[in-house]
Each structure stands twice: as C-alpha cells, then as structure tokens.
Amino acid sequence: MLSTLQSAALRWLPFREKKRSQVIACASVALCSCLGVVAHAQQHKAFDASRYNPAVLHVRFTPAEGRTTSDQSDAFLDLTLIASSGAVEGFRAELSTTDFRQQLSGLYRQLSRLESLQVDDPSSPSRQLHELMFGELSSVLQREQISTLLIAADRGLQAVPFAALSDGTSFFGERYAFAITPSLALMDFESSESTQDRMLALGASRFKGLAALPLVPQEIQRIGDPSKKDEFLNQEFTVEALLDKGADARYNQLHVATHAEFKPGGPALSQLHSGVGPVSMKQLAQLRQKRQGVPLDLVVFSACRTALGDAEAELGFSGLALQAGARSAVGTLWYVDDVATSAYFVLMYRYLDQGVPKADAMQLTRQAFIRGDVRLVGDQLLGPEGLPLLTDLTPAQQRRVNNGLSNPFYWAGISLMGAPW
C-alpha cells in the first residue's frame with residue numbers, strides 16, 4: 001500500500017509552466033555552453049565524452065492549499081526537463097509538505113547515524129523522495145540517454161541530498177553526474193576564456209577552541225598538480241592570503257580546507273576559520289570586485305556544512321562563491337568525516353586534472369566510494385588502481401573507515417553548485 005507521500009506525489013499531471021519559455025531559453029544557453037566545453041575535454045577511460053548528454057531540470061515548489069485534487073496535498077512540485085535534443089517535458093506532482101519534511105528529516109537522521117538507508121523498502125525516505133523527484137522522469141531520462149543534469153532547485157529544495165536518493169537498484173548520484181543551482185539567472189554560462197590553470201590551496205589544521213583537522217596538511221599537499229599549485233597552511237593561511245591571492249587572475253581554482261561556522265544574523269556573523277582568525281561570508285563576497293570580472297572556475301570548501309546556511313544565508317559559502325563570481329563551487333550539506341572528505345577531494349582532483357568535467361569527476365568519485373574502490377590497506381587509504389589517497393593514518397582514523405566508505409554519509413553530502421562542466 002502506498003504511503004501518503006507516494007499516493008499524493010504520484011498524482012502526475014501534464015505541466016505547462018507560465019514562464020516555461022524563459023526557463024527554456026536560459027537552459028538552451030546552458031546546454032550549448034556545456035556541449036562546447038565538453039567537446040574539448042580529454043578522453044578518460046572512465047569518462048566517455050561521446051556519451052556525454054546534458055539536460056537542465058527546473059524544479060519549483062509552490063504552496064497550493066485548497067487547489068489540489070486531494071485534501072491530503074497542499075503543494076505542487078513542478079518539474080521541467082530540457083534536453084540537449086530540444087525535447088521538453090513538464091510535469092506537476094501534488095504532495096503534502098508535512099510528509100515531505102518528515103521524509104527529508106528521516107533521511108538526514110539515517111545519514112547522520114551512518115544507518116542503512118533501507119533502499120530495498122519502497123517506503124524508506126530515500127525511495128519515497130526519489131519517487132517524488134524522479135519517478136515520472138526516469139523513463140524520460142533513459143529515453144533521452146541523459147548523462148548529466150543541471151538541477152535548478154527552488155528555495156528550500158537545495159537541502160535535498162539528491163545523490164542519496166535511490167530507485168531501489170542504485171543511487172541517483174551513482175547513475176548521474178549533476179550540479180545544483182538556485183537560479184539559472186545566477187549562472188555564468190560562458191566557458192572560461194582564461195589561459196591560467198593554477199590552484200590556490202589554503203588550509204588550517206590547528207585552531208583555538210576548535211577540534212584539530214590533522215589531515216588538512218596532507219589534503220592540501222595531495223590535491224591537484226604540484227607544479228600548478230600554491231599552498232598556504234596554518235599561519236600562512238591569513239585573511240589577506242585568501243582575499244588578495246584569491247583576487248589574482250593567475251588562479252582559476254580556489255580550495256579551502258578548514259572549519260566553517262554558521263550563526264544567525266546574516267553573512268557578517270557566519271565564518272570560515274583561517275590559520276590566524278575568522279573570515280566572514282561578508283568578507284568573502286569581496287572576491288567578485290577584486291577579481292575584476294575574471295571569475296574563478298572552481299571554488300571548493302572542504303569544511304563542515306558549507307553548502308547550506310540559515311534562513312538569512314540559505315546557500316551558505318558555496319552559494320556565496322557563486323554570487324562572488326565563481327562559475328562552480330563545491331560544499332558540504334552536513335558535518336562531514338574528515339578522513340573520507342580528504343580522500344574524496346584528492347580523488348576528485350585526479351579526475352579533474354585528467355580533463356574530466358566537474359560533475360562527472362564527482363560522479364566517478366562517488367562510484368569509487370560506492371563500489372569499494374576506495375579502501376583501507378594498512379595505514380593507507382587507496383583509490384582506484386591502488387594509488388594512495390591518504391597515508392600514515394592513525395589507528396583512530398583507520399577505525400573510522402575500516403568498514404568501508406560505501407555508506408552515502410561519506411559521499412552524498414558533497415555537493416556541486418553552479419556549472420557542472
């Protein structure tokens with residue numbers, strides 16, 4: 001018997017959005033830009049550029065109490081898929097906001113406790129939310145042979161851990177490469193014309209009043225190409241190093257590994273911790289002006305819960321990075337395990353350095369975690385092909401990953417925002 005959420009959600013109706021032409025126009029620009037970038041991507045044995053087929057999925061939540069066909073429903077979920085083939089599919093689902101919130105809270109609870117998501121059970125939160133978001137669209141995605149999605153998610157929907165949703169056979173994040181954007185209008189669809197290819201990597205492992213992050217030095221050392229990277233660690237990671245060096249157009253990637261802290265009251269109070277003191281979200285916003293129209297291609301926050309903020313800063317540091325002019329940003333949806341996260345980013349950058357597009361590099365990284373290709377051997381965490389991701393792990397660090405890293409807690413919370421290519 002279907003639950004309330006499913007029975008309401010599965011009342012699918014053909015959807016014709018009033019502003020659909022505007023959405024389609026923005027999506028078309030995005031898809032043309034995407035295909036142009038990937039046409040120049042290097043071939044990788046785990047990434048077949050010839051099968052790359054992107055689409056834009058616009059998802060909007062609308063309160064609709066009294067306007068639904070069921071008294072158990074009080075909202076609409078409108079979905080519009082725009083494929084690179086030109087095909088456009090629109091649907092409207094009815095749902096109960098109470099059930100939706102309960103299912104989302106239940107999923108977060110399972111993830112935070114490292115529990116099984118019980119994906120064999122159709123009533124589990126992972127299955128229920130997948131059916132709501134993608135149930136009707138799954139056949140369309142397969143028919144169009146979509147490989148990569150840019151999901152334009154409405155306010156409040158950015159918190160959905162899309163990668164952890166399951167159809168009962170596999171996780172969405174295993175099947176698809178994807179990125180999230182709060183608005184197509186926020187995005188820079190132009191491919192980067194900068195000839196610069198250099199990373200600014202900053203990290204802090206020692207703090208006053210906060211837990212140490214002992215793997216940050218190794219993470220900073222191992223990510224990216226050493227010949228194309230400048231490192232600033234602990235005392236060298238200052239506010240000036242972040243804002244002044246980050247403004248240097250020589251850098252097209254910015255990686256920050258540290259603690260993050262969100263406080264009520266807006267961007268001035270929420271902060272990252274440098275090696276010598278805090279950096280507020282408000283200060284970080286200065287990067288757009290300092291970059292003088294030359295956007296960073298990628299900003300990565302390897303820190304606790306940087307993809308979401310509070311009601312006054314819903315998009316967190318990652319959304320702020322987009323507003324500050326970055327084409328793409330990576331952050332985390334929940335408090336992450338530092339061993340798994342450091343390994344994740346080391347592997348992700350290996351794919352990026354081989355020319356794999358961002359969303360696909362993250363999909364390949366998720367697949368490696370899910371399929372057991374990231375594993376503990378002695379005091380080392382090895383990746384695909386047996387190459388070390390992290391070494392010299394302490395006994396305590398080894399115990400945290402000794403049972404494997406396939407649980408979505410380790411990989412589903414790392415989210416890409418902005419351009420997926």
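User: Is N234 buried or exposed?

Analyst: Buried means under 20% relative accessible area. In this predicted model, N234 has a relative accessible area of 7%, so N234 is buried. N234 lies in the loop between β8 (229-233) and α8 (239-246).

User: What is the phi of N234?

Analyst: Start with the general idea. Most residues other than glycine have a negative phi. N234 is a residue other than glycine, yet its phi is positive, near 55 degrees.

User: Where is Q145 placed, and what is its phi?

Analyst: Q145 sits in the loop between α5 (138-143) and β5 (148-153). Q145 is not a glycine either, and its phi is positive at about 55 degrees.

User: Why does Q145 count as exposed?

Analyst: The cut-off for exposed is over 50%. Q145 has 61% relative accessibility, so Q145 counts as exposed. N234, by contrast, is buried at 7%.

User: How do I read G86 by the same cut-off?

Analyst: G86 has 53% relative accessibility, so it counts as exposed. G86 is in the loop between β3 (75-83) and β4 (88-95). Its C-alpha atom is 9.5 Å from that of A55, a residue 31 places away along the chain.

User: How many residues does the largest nonpolar core have?

Analyst: The general idea comes before the case. In soluble globular proteins, nonpolar side chains tend to be buried together. Here the largest nonpolar core has 122 residues. Helix α12 (residues 338-353) supplies the largest share, eleven residues. L149, I151 and F162 have the most contacts inside the core.

User: Which residues does I151 touch, beyond those up to four places away in sequence?

Analyst: I151 touches L57, V59, F162, F172, F178, A179, I180 and T181.

User: In what order do the strands of the open sheet with β11 stand?

Analyst: Three strands form it, in the order β10-β11-β12, with antiparallel pairing. β10 (260-261) and β12 (278-280) are at the edges. Each has a single partner strand, so one side of each has no neighbour in the sheet.

User: How many bridges join β11 to β12?

Analyst: Three bridges join β11 (residues 271-273) to β12.

User: What do the totals look like for the whole protein?

Analyst: The protein has 14 helices and 18 strands. Of its 421 residues, 58% count as buried. Take contacts between residues at least 6 apart in sequence: 72% join residues at least 24 apart. The protein exposes about 17,400 Å², with carbon and sulfur atoms supplying 48% of it.

Conventions. Residues numbered from 1 in each chain as written. Predicted model: local features only at pLDDT ≥ 70, side-chain atom pairs only at ≥ 80, totals over all residues. Heavy atoms only, no water. Helix = DSSP H or I, 4+ residues; strand = E, 2+ residues; numbered from the N terminus. Buried < 20%, exposed > 50% of the residue type's maximum accessible area, 1.4 Å probe, protein only. Contact = heavy atoms within 4.5 Å. Areas by Shrake-Rupley, 256 points an atom, 1.4 Å probe, with all protein chains shown as cover. Pairing = 2+ DSSP bridges. Core = buried A, V, L, I, M, F, W, Y, C linked by side-chain atoms within 4.5 Å.
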